[in-house]
Amino acid sequence: MPGLIHIYTGDGKGKTTAAVGLSVRFAGHGGRVCFGQFLKDGSSGEIAVLRMIPGISVCSNEESFGFSFAMDDETKERARKSYSDYLELLLAKAADPSCGLLILDEVISAYNLHFIDRDRLLGFLRNKPEELEVVLTGRDPAKELVELADYVSEIRKIKHPYDRRIPAREGIER
């Protein structure tokens, strides 16, 4: 059975949660998952639980660069180097035939910010191992990513506590 490409996008809460849910389902059926997160430091609650589940390999990039809009040019360059190296690590893990599902959480944001080699990601998606399922998450996917995807699911915000200045809460949003 061929592996397909999923995009979970939109301005609503739940893109990462959907990717986590698919990871749990896949591992629950005996599949092996490689889970990676861009623009996050690996400290969120779901990562702690995923690490406990047999069949799920979490590969964290624990380097933090802050919000992109607050980065100076030097920090952006360090972020580019770090996230590009991280993408290569994840793609190498995905080349292992035992990996059946690759999660690239927030890779769309890294792509949009030019923090990864866009051509490298596109080339991988076009030539990925045939049976590998791939999930990309993040807001505003580029047209070329949408064209390569088999699933595109949009999570739309109708209302969110952040709009009332309620910060992200441990265990709920992070």
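## Stop 1: a salt bridge across the chain

Select Lys40 and Asp105: they form a salt bridge, and their closest N and O atoms are 2.9 Å apart. A salt bridge here is a side-chain nitrogen of Lys or Arg within 4 Å of a carboxyl oxygen of Asp or Glu. The two partners come from distant parts of the chain, 65 residues apart: Lys40 sits in the loop between β2 and α2 (45–50), and Asp105 belongs to strand β4. Helices (H or I, at least four residues) and strands (E, at least two) are DSSP runs, numbered from the N terminus.

Before you move on, note that this is a predicted model, in which local features need pLDDT of at least 70, side-chain atom pairs count only at pLDDT 80 or more, and totals for chains, interfaces and linings use all residues. Residues are numbered from 1 along each chain as its sequence is written, and side-chain values use heavy atoms, with hydrogens and water left out.

Is Asp105 buried or exposed? Asp105 is buried, at 0% relative accessibility, while Lys40 is partly exposed, with a relative accessible area of 26%. Buried means under 20% relative accessible area, exposed over 50%, and partly exposed in between (1.4 Å probe, protein chains only).

## Stop 2

For another one, select Glu88 and Arg120, whose closest N and O atoms are 2.7 Å apart. Glu88 lies in helix α3 and Arg120 in helix α5, so this pair ties together parts that are 32 residues apart in sequence. Glu88 is partly exposed at 35% relative accessibility, and Arg120 is partly exposed at 32%.

Now try Glu147 and Lys143, which meet in a salt bridge at 3.9 Å, N to O. Both lie in helix α6, four residues apart, about one turn of the helix. Glu147 and Lys143 are both exposed.

## Stop 2: helix α3

Select residues 73–94 to show α3.

## Stop 3: helix α5

Select residues 118–126 next; which residues of α5 are buried? They are Leu121, Leu122, Phe124 and Leu125. These residues cover an arc of only 160 degrees around the axis (taken from the directions from the helix axis to the C-beta atoms), which puts them on the same side of α5. On the face turned away from that buried side, look for the exposed residues Asp119 and Arg126. At the start of α5, a side-chain oxygen of Asp117 reaches to within 3.0 Å of the backbone nitrogen of Asp119.

## Stop 4: the core

In soluble globular proteins, nonpolar side chains tend to be buried together. A nonpolar core is a set of buried Ala, Val, Leu, Ile, Met, Phe, Trp, Tyr and Cys residues joined through side-chain atoms within 4.5 Å. The largest one has 33 residues, and Phe38 and Leu136 have the most contacts inside it. Helix α3 gives the most to this core, with seven residues.

Finish by selecting Phe38. Leaving aside neighbours within four places in sequence, its contacts (heavy atoms within 4.5 Å) include Tyr83, Leu104, Asp105 and Ile116. A second, separate core of 14 residues includes Ala19, Ala27, Ile56 and Val135.

How values were computed
Polar contact = N/O pair within 3.5 Å; in protein donor to acceptor, adjacent residues only side chain to side chain.
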